[in-house]
Amino acid sequence: MFSKESKMLQRSISFSNMALSSCLLLPGDATVISSSWDNNVYFYSIAFGRRQDTLMGHDDAVSKICWHDNRLYSASWDSTVKVWSGVPAEMTGTKRHQFDMLAELEHDVSVDTISLNAASTLLVSGTKEGAVNIWDLTTATALHQIQCHSGPVCDAAFSPDSRHVLSTGEDGHVNVIDVQTGMLISSMTSDEPQRCFIWDGNTVLSGSQSGELLVWDLLGGKISERIQGHKGAVTCIWMNEQCSSIITGGEDRQIMFWKLQY
């Protein structure tokens, strides 16, 4: 954990002897959740400075987690996405979270990434074999399966209005999918994998395998700007709600802070 103000490491904790794949700060800034290749999801209390809980929810590595309205969504290489109701520890009066599995979304192969729409009614998942799946969370049913990448899907996310899904893959493609019809609307290509991205529905900022940040013009279907970023792959990217500041992490072990210049 780092302080943005002082740019200093504040504390460090090891959950597992295997890689951590995803981490989230829960609303209220009291708890961090992290998923691991050891099949577990870990809950860490910032206030108490210790691991509070472990959810042993999958039979293989957990690749990505999301959280919305006291629900945890976990994707795994065991070919499932699971939805859990997570009642925070402080509400149950105990030291532990309580978890009930509400739904299990079955896939044919490993799930590498998931993302929710703003209302948390839809979920998009990307698989190891290049499929993008759109799920209705109210009924836990698959709406569409789009085979649009020739290798693993790196990242996928809904537009703010939930009408489109953007996906990036190891094949270098950046695809836009219509949520209602499940049709591939457009496909742009870069010469390397785009590992992660953020987008506002019009403009995309992606982090590439080489460490560059690319700005994509979706209407023109082209890359409009290249920004030199990390000295290795950009592995994660985050933007605040005001869309004014961006944080990236990379394989070069650096965390970088960016200000948007409009």
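1. Let's start with the largest nonpolar core of this predicted model. A nonpolar core here is a set of buried Ala, Val, Leu, Ile, Met, Phe, Trp, Tyr and Cys residues joined through side-chain atoms within 4.5 Å, where buried means under 20% relative accessible area with a 1.4 Å probe, protein chains only. The core has 13 residues, and those touching the most other members are Y73, V81, L105, I114, L116, L123 and L137. Two or more residues come from each of β8 (71–76), β9 (80–87), β10 (98–106) and β11 (111–116). The biggest share, three residues, is from β11. Strands are DSSP runs of E with at least two residues, numbered from the N terminus.

2. Leaving aside residues up to four places away in sequence, L105 touches S79, T80, V81, L123, W135, L137 and A140; contact means heavy atoms within 4.5 Å.

3. Apart from the core of point 1 lies another core, made of 12 residues. Its members include L122, V153, F158 and I177. In soluble globular proteins, nonpolar side chains tend to be buried together.

4. I177 also leads us to some strand pairing. In β18, I177 has L184 as its bridge partner. Strand β18 (residues 184–189) runs antiparallel to β17, and five bridges join the two; strands count as paired if DSSP finds at least two bridges between them. The hairpin of β17 and β18 has five residues between its strands, and G182 there takes a positive phi near 75°.

5. What does β17 pair with besides β18? Strand β17 (residues 173–178) also pairs with β16 (residues 164–169), in the antiparallel sense and over five bridges. T168 stands opposite V174 in β17. Three residues separate β16 and β17 in their hairpin, and G172 in the turn has a positive phi of about 85°.

6. A word on conventions: residues are numbered from 1 along each chain as its sequence is written, and side-chain values use heavy atoms, with hydrogens and water left out. As the model is predicted, local features need pLDDT of at least 70 and side-chain atom pairs count only at pLDDT 80 or more, while totals for chains, interfaces and linings use all residues.

Conventions. Helix = DSSP H or I, 4+ residues; strand = E, 2+ residues; numbered from the N terminus. Buried < 20%, exposed > 50% of the residue type's maximum accessible area, 1.4 Å probe, protein only.
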